[in-house]
Amino acid sequence: MKRKYIYIVGSLLLFTGLIGCEDMDNNYKQYLQEYNYSGKVEALRSYIGFERIALAWDIPKDQKSKQILVEYGADKQQKLFDHMVDSVVIDGLDAATGYDFAVYTLDNAGNRSVPATITALPISQTVVDNLVPPTCSYVEVDGVPNVYWAGLSAVSMAFCKYSYIDYKIISEDESEVVTKGCLKNTDVTSLNRVSELKLPAPQLSKGETYYVDFTAYVYPISSDIVTMDSVPVNKRTRIIVE
């Protein structure tokens with residue numbers, strides 16, 4: 001009886017062992033199977049804007065890649081493109097924090113490639129609110145009254161290509177708009193940063209006081225790189241024509 005019990009137990013252990021080995025073998029075989037994934041995008045790069053990020057990359061040249069999927073943020077938001085694109089702009093990034101981005105290619109079955117990843121910090125409203133507006137004062141050039149702006153470019157911002165100033169010069173009692181307009185940056189080379197501008201204003205009278213309301217459109221700087229969106233900085237300055 002004891003010997004029969006030993007035989008039964010031994011048979012059960014052997015049977016269980018064979019099943020376990022078969023399961024392990026099946027699990028192992030799935031990793032031995034080779035799957036040809038769609039190609040990974042290369043040279044992923046980011047460009048910083050105001051509450052947005054532009055991404056660009058090099059498209060792989062394989063034949064399996066059919067779509068692009070961009071996944072970003074802590075909640076894994078997605079943008080899916082049904083064809084191969086090499087860039088995208090992600091808007092609405094107002095969390096004032098860094099965002100992680102992952103770019104995948106997809107094959108016809110929706111299988112993802114190995115991701116290309118990057119982290120970028122968009123310009124937030126807080127950054128814009130902390131920009132120091134340029135100074136505005138009166139100067140005389142060859143006998144002609146001029147309004148003079150200084151500090152247009154600084155460590156945190158650049159007045160460069162496509163920058164301009166919307167201005168309005170108002171009488172001291174605010175009853176009259178003496179002149180208004182748009183003063184553009186005439187040096188349109190994108191790499192040049194302008195620090196000062198003068199506006200001839202012959203309408204201004206000696207001994208009078210005026211207010212200058214202006215909005216300068218500048219480009220925030222992040223890690224010494226000029227970002228891609230201009231933002232407004234506003235100020236009112238009182239000037240005296242001497």
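Select Ser171 to begin: Ser171 is buried, with a relative accessible area of 10% (buried means under 20% relative accessible area, exposed over 50%, and partly exposed in between, using a 1.4 Å probe and protein chains only). Ser171 sits in strand β11 (strands are DSSP runs of E with at least two residues, numbered from the N terminus). Now show what Ser171 touches: Glu176, Val178, Thr209, Tyr210 and Tyr211, with residues up to four places away in sequence not counted (contact means heavy atoms within 4.5 Å).

Before you click on, some ground rules: this is a predicted model, where local features need pLDDT of at least 70 and side-chain atom pairs count only at pLDDT 80 or more, while totals for chains, interfaces and linings use all residues. Residues are numbered from 1 along each chain as its sequence is written, and side-chain values use heavy atoms, with hydrogens and water left out.

Next, pick Glu174, in the loop between β11 (164–171) and β12 (177–184). Which residue forms a salt bridge with Glu174? That's Arg236, with the closest N and O atoms 3.3 Å apart (a salt bridge is a side-chain nitrogen of Lys or Arg within 4 Å of a carboxyl oxygen of Asp or Glu). Arg236 is in strand β16, and the two partners are 62 residues apart. Asp213 belongs to strand β14 (residues 209–222), 23 residues from Arg236. Show the three side chains together and you have a network of salt bridges linking Glu174, Asp213 and Arg236. Colour them by accessibility and each one counts as partly exposed: Glu174 at 49%, Arg236 at 38% and Asp213 at 24%.

A search of the whole structure finds seven salt bridges, so let's visit another one. Select Asp229 and Arg52, whose closest N and O atoms are 2.6 Å apart. This pair links distant parts of the chain: Asp229 is in the loop between β15 (225–226) and β16 (231–240), Arg52 is in strand β2 (residues 52–58), and 177 residues separate them. Asp229 is buried at 13%, whereas Arg52 counts as partly exposed at 25%.

Time to go inside. Select Leu55, Trp57, Phe101, Trp149 and Ile165, which touch the most other members of the largest nonpolar core, a set of 47 residues (a nonpolar core is a set of buried Ala, Val, Leu, Ile, Met, Phe, Trp, Tyr and Cys residues joined through side-chain atoms within 4.5 Å). Strand β14 supplies the largest share, five residues. Colour by domain, and you'll find that domain 1 (42–122) and domain 2 (128–241) both give residues to this core, so it lies between them (the bounds come from an automatic or database domain assignment). Zoom in on Phe101: beyond its neighbours within four places in sequence, its contacts include Ile53, Leu55, Tyr72, Ile90 and Ile118.

Last stop: Lys206, in the loop between β13 (196–200) and β14. Buried or exposed? Lys206 counts as exposed, at 52%. Outside its sequence neighbours up to four places away, Lys206 touches Tyr138, Glu140, Val241 and Glu242. Draw a distance from Lys206 to Val241: their C-alpha atoms are separated by 5.2 Å, although the residues are 35 apart along the chain. Then show the side chains of Lys206 and Glu140, joined by a polar contact of 2.5 Å (a pair of N or O atoms within 3.5 Å; within protein, one must be able to donate a hydrogen and the other to accept it, and residues adjacent in sequence count only if both atoms are side-chain atoms).

Definitions and conventions:
Helix = DSSP H or I, 4+ residues; strand = E, 2+ residues; numbered from the N terminus.
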